[in-house]
Amino acid sequence: MAAQVAAFERELAAAASARDAHTVRDRFLGRKNSVVASWMQLLASAPPDQKKTIGRYANELKQAIDARWSAYEAQARATARPAGAVDVTLPGRCAPIGHRHPLTVVRTQMEEIFGRMGFTPVEGPEVEDEWHCFDALNMPDEHPARDMQDTLYIEPPLPGLGDDRRRTLLRTHTSSMQIRYMQAHTPPIRIVAPGRVFRRDDLDVTHSPAFSQIEALVVDEGISLADLKGTLLAFARQMFSERARLRFRASFFPYTEPSAELDLSCWQCDGAGCAMCKKTGWIELGGCGMVHPAVFEAVGYDPERYTGFAWGIGIERVAMLRYQVDDIRLFYENDLRFLEQFPI
Amino acid sequence: MREFVETDASAEQIAETLAIRGFEVASIERLGGGDAVIDFEITANRPDCLSVVGLAREVATAFDARMTAGPETQPLPTGRSDRLTVHLDEEALCPRYATAVAEVTLAASPAWMASRLQAAGVRPISAIVDITNYVNLEIGQPMHAFDLARLAGAELRIRRAKPGETIRTLDAVDRKLDAEMLVIADRDRAQAVAGVMGGAASEVSAATKTVVFESAYFNAASVRRTSRKLALKTEASARFERGADISAQVFAIERTAALMAALGAGRIVGPVIDCYPHERQPVRIALRRERIARLLGVTVPDADVERILRSLGLALTPMPAGWHATVPLFRVDLLREADLIEEVGRHYGFDRLDATFPAMREPAPPPDPRIARDHLVRRVLTAAGASEAVTFGFLEAKAVEPFAALLDGASPVAVANPLSAKFDTLRPSLVPGLVDAVAHNRRHGRRDVRLFEIGTRFAPGGESRGVAVALTGNAGVDHWSGGARDADFFDAKGAAAQVCDALGVAIRCEPSDHPFLVAGQRAAVLVAAGAHAGTRVGLVGAVAPEVLDARGLPRQDRVVVAELDLDRLAAARAEGGDAVRPLPRYPFVVRDLSIVVDDSLPAEIIRGTIQAAAADGEAPLAAISFFDRYLGTGIPAGRVSVSLRLTFQSLERTLTDAEVQQSFDRIVAALKSGHGAVQR
């Protein structure tokens with residue numbers, strides 16, 4: 001009997017499919033022509049004194065094989081694919097989600113960092129008049145300082161905003177909005193002015209005729225250069241690296257005095273020198289300084305009473321540093337293979 | 001430089017230190033014999049540093065070193081000369097004009113001068129010319145030399161050019177002058193454009209025996225204007241337009257005399273003629289120590305303040321609150337107290353400042369509302385699967401032309417001085433830039449493109465902020481189970497509707513005639529209700545094949561776009577309406593209706609008829625939705641089967657079947673009688 005049961009189990013295990021398994025079962029347990037069936041026939045035609053022995057054997061065999069079959073079925077049920085089963089490794093259906101432009105991502109991040117320091121974002125017109133863009137910022141027409149920014153002029157001019165100064169040019173910096181804001185408010189002032197600016201520049205790897213800037217301005221009684229240092233250090237540490245160190249290099253801008261260029265210690269090599277910082281250990285992070293008294297005079301603030309600082313940087317520059325983008329033109333081609341690499 | 005300041009600092013140390021103090025270093029070049037050339041970039045406010053002596057002064061201050069006695073000069077008398085008469089006609093344009101006559105001998109400059117000139121990027125020519133260039137590099141006074149024999153009447157007249165007067169300048173170019181320009185003329189004609197470039201006619205040559213040296217101070221604005229009008233920039237004009245040193249003219253001639261003697265190149269004959277009608281007084285500034293501390297945020301010891309400013313050439317007299325400072329005439333950039341504080345700060349060292357944080361005295365005002373609004377629009381459109389693009393804002397005139405229709409007859413705003421024709425017109429619409437972006441993506445193998453841009457549009461009346469979306473390719477899902485569907489008009493309309501809905505404005509569409517969109521697939525978007533009903537706020541449509549073709553896209557591609565004016569939408573937004581509406585307490589009943597109508601009957605009309613008919617019915621109609629539109633087998637030509645789902649619901653009671661049926665029947669009757677609808 002053991003041999004029969006073992007044979008049954010062996011053949012079941014070798015069954016390639018459910019059908020084959022049923023065939024095996026039938027061969028052993030079926031009504032006709034099966035192992036058990038033939039034993040039952042033998043029982044029917046057996047002499048009376050052997051009937052008991054044969055009958056007992058046949059039944060035990062039947063039960064043993066039955067039990068093995070039930071066990072087999074139970075197992076097969078447990079491991080069978082249920083109705084409606086799916087291949088869980090196939091891709092899911094993704095409703096497409098668009099990505100924000102990297103310039104938006106970076107600008108928003110900067111607004112948030114400055115927001116936590118109490119800075120309010122303000123936006124202004126892209127077409128400006130000479131006064132708001134230059135004269136009020138201590139850059140009269142005849143001064144060579146005007147050459148520092150090549151201006152794009154438009155025709156026809158657009159009407160003035162809130163005054164009758166016709167707007168004849170595309171603004172070269174967002175400082176013009178700072179002027180407008182100061183005209184409309186009294187200190188304390190604590191704003192960031194982000195937006196598009198335009199220069200008469202060729203489009204190449206690091207320059208674009210249209211790009212974006214963000215400028216910070218603080219005006220109050222008692223604001224100092226040390227406050228500028230602290231504010232920018234806090235920004236740099238949150239934006240780039242906790243270990244950031246700052247350096248001011250004296251410089252010249254007509255609208256600030258003192259003026260400085262801001263450098264940040266390279267976060268890649270921590271100042272040792274590498275490809276990112278062109279071996280200098282420092283990364284340029286825009287210009288800054290104390291607001292020139294002539295600017296206060298232009299907007300009607302008393303320079304004796306108020307002092308202030310300002311800082312500005314190109315948003316593309318921050319994005320290129322942050323994400324290691326090496327060609328500014330990528331921001332304007334809007335290739336989805338580029339855009340889709342940035343956070344949604 | 002070491003001739004003028006006593007310091008052991010190496011070239012590298014000097015470069016590094018001055019770079020922090022305001023003088024960016026372009027390069028350091030090592031020459032033979034331990035010498036070096038440092039190339040500094042001088043900012044526009046420091047013309048006094050366009051000379052070796054000027055920079056030496058900075059080095060002396062930075063390293064607390066002594067300056068030497070300075071360049072050797074030959075003292076000369078001043079007075080009238082019998083060899084030359086000078087007439088200063090325009091004092092305002094030329095406050096000081098000094099000249100001297102010299103007899104010269106032909107010579108070449110010695111090696112030491114030639115190599116120094118070359119190291120500074122100036123080509124040695126002849127002793128006289130080289131000496132004037134050398135004096136300019138050394139002390140920063142541009143000088144010019146005339147051949148006296150070629151000056152008619154042995155006279156120089158500093159006057160305005162006559163209208164139409166011409167001159168051939170040293171670079172052999174003939175130039176037309178105007179009456180605003182200052183010239184140096186002889187008895188008969190102009191011999192130099194003052195402060196810019198000398199004339200060819202009186203140029204010093206190998207044959208010259210007598211020279212007139214000009215050492216002058218010209219009005220900065222005048223030189224700048226002239227230089228720009230002539231499109232002629234020279235070393236001299238660059239110096240004069242930033243502000244020369246009005247105290248240096250005679251000194252420069254005395255230096256020239258000493259160099260001539262040293263080189264055996266000739267000698268000055270007669271006195272220096274110094275036309276200086278009104279001696280300029282130095283600027284005096286009161287500098288308060290409390291103000292230094294306030295601006296810099298650090299207390300600078302008095303001794304440092306005095307050392308720094310005196311080393312830079314200022315004279316200081318103490319007063320209780322600080323000092324009275326007298327500014328040397330070569331520092332044209334020091335005009336007020338803040339300028340002096342910058343000098344103190346940069347030489348004291350910005351690195352010695354603490355990093356403090358400005359306290360907030362008042363709460364921050366709210367941000368510009370457009371910022372939050374733009375973020376909301378971004379959320380809606382990124383959720384709709386479009387990614388954000390940023391395009392320039394200017395395009396070539398041809399690309400903008402089809403979109404000029406949006407300006408109601410006005411022409412687009414042009415860039416007056418573009419750098420390239422590709423960027424010579426300001427966009428009146430965001431669509432052309434987005435179409436370009438779509439084209440770029442298609443060219444790189446991307447078939448399904450969904451982009452949007454929030455940006456400024458320009459018109460002669462002003463700027464406006466808009467948002468535009470462009471879709472092409474698959475607008476359905478991208479999945480192996482199917483569901484792909486080509487983007488069409490209704491995808492663009494849907495995006496526009498979702499944006500307007502998020503901004504709280506209900507809209508409707510009307511067929512339009514925008515030339516840049518395909519006829520029959522274009523619409524104007526209008527405010528649907530409220531005080532601003534009927535205001536145009538945008539457009540939707542399929543981009544015309546000519547426009548696609550012009551931007552490098554296949555004509556048969558379908559690119560659908562929508563554009564909305566965000567400023568107008570903001571103005572049209574209904575106030576209030578924030579309060580939550582209570583949930584309906586009574587069940588709704590849905591009845592579906594299929595009707596066959598003319599296929600030219602707008603859905604809006606059907607909707608209007610249904611709403612009007614339901615308004616007087618017994619069961620309030622809560623919603624109408626179109627869920628199928630069928631053309632084809634079983635539907636006669638020119639007709640279409642439209643299926644609608646009508647939802648009836650009352651806020652006050654459960655509706656009875658009879659009430660719903662009554663309203664339903666009214667609706668069907670109205671559709672039949674109003675539009676010849678046949679119910680299926």
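Residues are numbered from 1 along each chain as its sequence is written, and chains are lettered from A and ligands numbered from 1 in the order in which they are written. As this is a predicted model, local features need pLDDT of at least 70 and side-chain atom pairs count only at pLDDT 80 or more, while totals for chains, interfaces and linings use all residues, and side-chain values use heavy atoms, with hydrogens and water left out.

## Chain A from a distance

Let's start with the overall picture. Chain A has 12 helices and 10 strands; these are DSSP runs numbered from the N terminus, with helices being H or I over at least four residues and strands being E over at least two. Its radius of gyration is 41 Å, well over the 20 Å that the globule rule gives for 344 residues, so chain A is more spread out than a compact globule. That radius is taken over C-alpha atoms, and the globule rule is 2.2 Å times the number of residues to the power 0.38. Along the principal axes, the C-alpha atoms of chain A fill a box of roughly 135 × 45 × 40 Å.

Of the 344 residues in chain A, 55% count as buried. Buried means under 20% relative accessible area, exposed means over 50%, and partly exposed is in between (1.4 Å probe, protein chains only). Among the chain A contacts with a separation of 6 or more, 63% come from residues 24 or more positions apart; a contact here means heavy atoms within 4.5 Å.

The accessible surface of chain A comes to about 15,600 Å², and 51% of that belongs to carbon and sulfur atoms. Areas like this come from the Shrake-Rupley method with a 1.4 Å probe, and for residues only the protein chains shown count as cover. As for charge, chain A carries 40 positive and 46 negative side chains, with the centres of the two sets 17 Å apart. Lys and Arg count as positive and Asp and Glu as negative, while His and the chain ends are not counted. The place of a charge is taken as NZ of Lys, CZ of Arg, CG of Asp or CD of Glu.

## Some residues of chain A

A:Ser176 sits in helix 7 (residues 175-184), and it counts as buried because its relative accessibility is 0%. Leaving aside residues up to four places away in sequence, A:Ser176 touches A:Glu128, A:His132, A:Cys133, A:Leu137 and A:Arg171. A:Glu130 is 46 residues away from A:Ser176 along the chain, with 9.4 Å between their C-alpha atoms.

Most residues other than glycine have a negative phi, and most peptide bonds are trans. A cis bond joins A:Pro187 and A:Pro188, with omega about 10°, and A:Pro188 is in the loop between helix 7 and strand 5 (189-198). Another cis bond joins A:Glu257 and A:Pro258, with omega about 0°; A:Pro258 belongs to strand 8 (residues 256-265).

A:Lys279 is not a glycine, yet has a positive phi of about 70°. This lysine is in the loop between strand 8 and strand 9 (282-291), and at 67% relative accessibility A:Lys279 counts as exposed. A:Asn334 also has a positive phi, of about 60°, and is in the loop between helix 11 (330-333) and helix 12 (336-339). At 0% relative accessibility, A:Asn334 counts as buried.

## Over to chain B

Chain B has an open sheet of 7 strands in the order 19-23-24-28-27-26-25, with mixed pairing. Its edge strands are strand 19 (387-388) and strand 25 (507-511), each pairing on one side only. Two strands pair if DSSP finds at least two bridges between them. Here are some chain B pairs:

| Strands of chain B | Direction | Bridges |
|---|---|---|
| strand 23 (449-459) and strand 24 (462-472) | antiparallel | 11 bridges |
| strand 29 (589-598) and strand 31 (639-648) | antiparallel | 10 bridges |
| strand 29 and strand 32 (678-679) | antiparallel | 2 bridges |

To find these pairings by residue, look for B:Ala459, whose bridge partner in strand 24 is B:Gly462. B:Leu593 has B:Leu644 as its bridge partner in strand 31, and B:Ile595 has B:Gln679 in strand 32.

Finally, B:Cys275 lies in strand 15 (residues 266-275) and counts as buried at 15% relative accessibility.
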